[in-house]
Amino acid sequence: QVQLAESGGGLVQAGGSLKLSCAASGRAFSTNAMGWFRQAPGKEREFVAAISWSGGSTYYTDSVKGRFTISRDNAKNTVSLQMHSLKFEDTAVYYCNTVWSDYKTPFGSWGQGTQVTVSS
């Protein structure tokens, strides 16, 4: 089982950028597709982006397309989310997780996440 730890969140003005990182402790990291999810205050956790186990395919929810980029480095057991042109509505706690073959359904254990706050 892969243990995940998110980092890189913070406070940023609208239009700014942040890069989130997810570090995995398991050596089988490269065999799993990975996703980023977020949960805003008062809302359900939602899918944000995902990347295939090989890194060859990526997927994004419509609201972040063109602004966010997901990537992974299997040699370092990390997955990243580069966020540009941040909006107030991007404010949320961001989590990474292993995802099922639909690239949207998480199946691993949740970490504590990292807070992203975008000021308007």
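A disulfide is here a pair of cysteine sulfur atoms within 2.5 Å. The structure holds 1 disulfide, formed by Cys22 and Cys96, whose sulfur atoms lie 1.9 Å apart. The link of Cys22 and Cys96 is right-handed, with 60° about the S-S bond. Cys22 belongs to strand E3 (residues 18-24) and Cys96 to strand E9, so the pair ties together parts that are 74 residues apart in sequence.

The model is a predicted one, in which local features need pLDDT of at least 70 and side-chain atom pairs count only at pLDDT 80 or more, while totals for chains, interfaces and linings use all residues. Residues are numbered from 1 along each chain as its sequence is written, and side-chain values use heavy atoms, with hydrogens and water left out.

The protein chain as a whole may be described next. Its secondary structure comes to 0 helices and 10 strands, where helices (H or I, at least four residues) and strands (E, at least two) are DSSP runs numbered from the N terminus. From the N terminus on, the elements therefore read β-β-β-β-β-β-β-β-β-β. The radius of gyration of the protein chain is 13 Å, close to the 14 Å that the globule rule gives for 120 residues, so the chain is as compact as a globular protein of that length. That radius is taken over C-alpha atoms, and the globule rule is 2.2 Å times the number of residues to the power 0.38. Along its principal axes, the C-alpha trace spans about 40 × 25 × 25 Å. Of the 120 residues, 43% count as buried, that is, under 20% relative accessible area, as against exposed at over 50% and partly exposed in between (1.4 Å probe, protein chains only). Among contacts between residues at least 6 apart in sequence, 54% join residues at least 24 apart; a contact means heavy atoms within 4.5 Å.

The strands are arranged in sheets. Strands of a sheet pair through backbone hydrogen bonds, either parallel or antiparallel. Two strands are taken to pair if DSSP finds at least two bridges between them. An open sheet of 4 strands has the order E1-E3-E8-E7, with antiparallel pairing. Its edge strands are E1 (4-7) and E7 (68-73), each of which pairs on one side only. The twist in this sheet averages 15° from one strand to the next, with axes being lines fitted to C-alpha atoms (for helices over the stretch in contact) and angles running from 0 to 180 degrees between N-to-C directions. E7 and E8 run antiparallel and are joined by 6 bridges; Arg72 has Val79 in E8 as its bridge partner.

Another open sheet is formed by 6 strands in the order E2-E10-E9-E4-E5-E6, and its pairing is mixed. Strands E2 (10-13) and E6 (58-60) stand at the edges with a single partner strand each, so one side of each is left without a neighbour in the sheet. Here the twist averages 25° from one strand to the next.

Strand E4 (residues 34-39) pairs with E9 (residues 92-98) in the antiparallel sense over 6 bridges, and Met34 has Thr98 in E9 as its bridge partner. E9 also pairs with strand E10 (residues 114-119), again in the antiparallel sense, over 3 bridges; Ala92 stands opposite Val116 in E10. In E9, 7 of the 7 residues are buried, so this strand is largely enclosed by the rest of the structure. Cys96 has 0% relative accessibility and counts as buried, and Cys22, at 1%, is likewise buried.

Thr91 is found in the loop between strand E8 (78-83) and E9. Thr91 is buried, with a relative accessible area of 14%. Its side chain reaches the backbone oxygen of Phe88 at 2.9 Å and the backbone nitrogen of Val118 at 2.9 Å. Such a polar contact is a pair of N or O atoms within 3.5 Å; within protein, one must be able to donate a hydrogen and the other to accept it, and residues adjacent in sequence count only if both atoms are side-chain atoms. Not counting residues up to four places away in sequence, Thr91 touches Ala40, Pro41, Gln115, Val116, Thr117 and Val118.
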